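Colleague: I have a model open and would like to learn how to read it. Where do I start?

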Amino acid sequence: MKDSNDPVEPGKAAGKAVGGAKGPDELRQQIQETRGQLGDTVEELAAKADVKARARARGAELKGKASEAGHAVQDKATEAGHVVQGKAVEAGHVVQDKAVQAGHVVQDKAVQAGHVVQSRATQAGHAVQDNVPQPVRTAVTNAVQAGKRHPRPVLIAGAGVVVAAGLLRRRHNGHH
């Protein structure tokens, strides 16, 4: 097998015998074919010798590959960002659900405590009502109604009771 860079043997033009032309027309045709082949060979050699053009072509090829790689990285980064965003939203919902559940637990416990306090206050009210004699209950009811009609004397009397209770307590604790 011959390399296209090997010289042509004398008497042969690109694989055809030169000496076998049968007339001037055939010789012209062979010359035309040889010129065409020679032109193609010159173009190939010129393309190989044009280092700038080859460098530009290779640079364009590498630029295209780099652009493709950049787009692939950008697509993967975008996809990863969406995954992270989805997980963050999901985590936010989990935290929100837990906070709502904790709020319900606190609310339920507050309602239960309120019921307990109300029940005990009712029991204490009934115990006082059951153990206080009827004349005292009547007197207290009358005093409350009078206090609603004339609040100033009741406030003065209440302040006097507080002062008296404070004095009695001091005496009882040993302070003179």
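Modeller: Start with how elements are named. Helices are DSSP runs of at least four residues, numbered from the N terminus. Keep in mind that this model is predicted.

Colleague: What follows helix 4?

Modeller: Gly-174 follows helix 4. The phi of Gly-174 is positive, near 100°.

Colleague: How many helices and strands does the protein chain have?

Modeller: The protein chain has four helices and two strands. Read from the N terminus, the order is β-β-α-α-α-α.

Colleague: How far apart are the end C-alpha atoms of helix 4?

Modeller: Helix 4 covers residues 151-172, which is 22 residues. At 1.5 Å a residue, helix 4 should span 32 Å. Its end C-alpha atoms lie 31 Å apart, which agrees.

Colleague: Of the residues of helix 4, what number is buried?

Modeller: Buried means under 20% relative accessible area. In helix 4 the number buried is zero out of 22 residues, so this helix lies largely in the open. Across the protein chain, buried residues make up 2% of the 176 residues.

Colleague: Which residues make a nonpolar surface patch?

Modeller: Val-136, Val-140 and Val-144 make one of about 230 Å². Take Val-144, which sits in helix 3, residues 134-149.

Methods: Residues numbered from 1 in each chain as written. Predicted model: local features only at pLDDT ≥ 70, side-chain atom pairs only at ≥ 80, totals over all residues. Heavy atoms only, no water. Expected span 1.5 Å × (residues − 1). Buried < 20%, exposed > 50% of the residue type's maximum accessible area, 1.4 Å probe, protein only. Patch = residues over 30% accessible without salt bridge, like charges linked within 9 Å, V, L, I, M, F, W, Y side chains within 5 Å. Areas by Shrake-Rupley, 256 points an atom, 1.4 Å probe, with all protein chains shown as cover. Salt bridge = Lys/Arg side-chain N within 4 Å of Asp/Glu carboxyl O.
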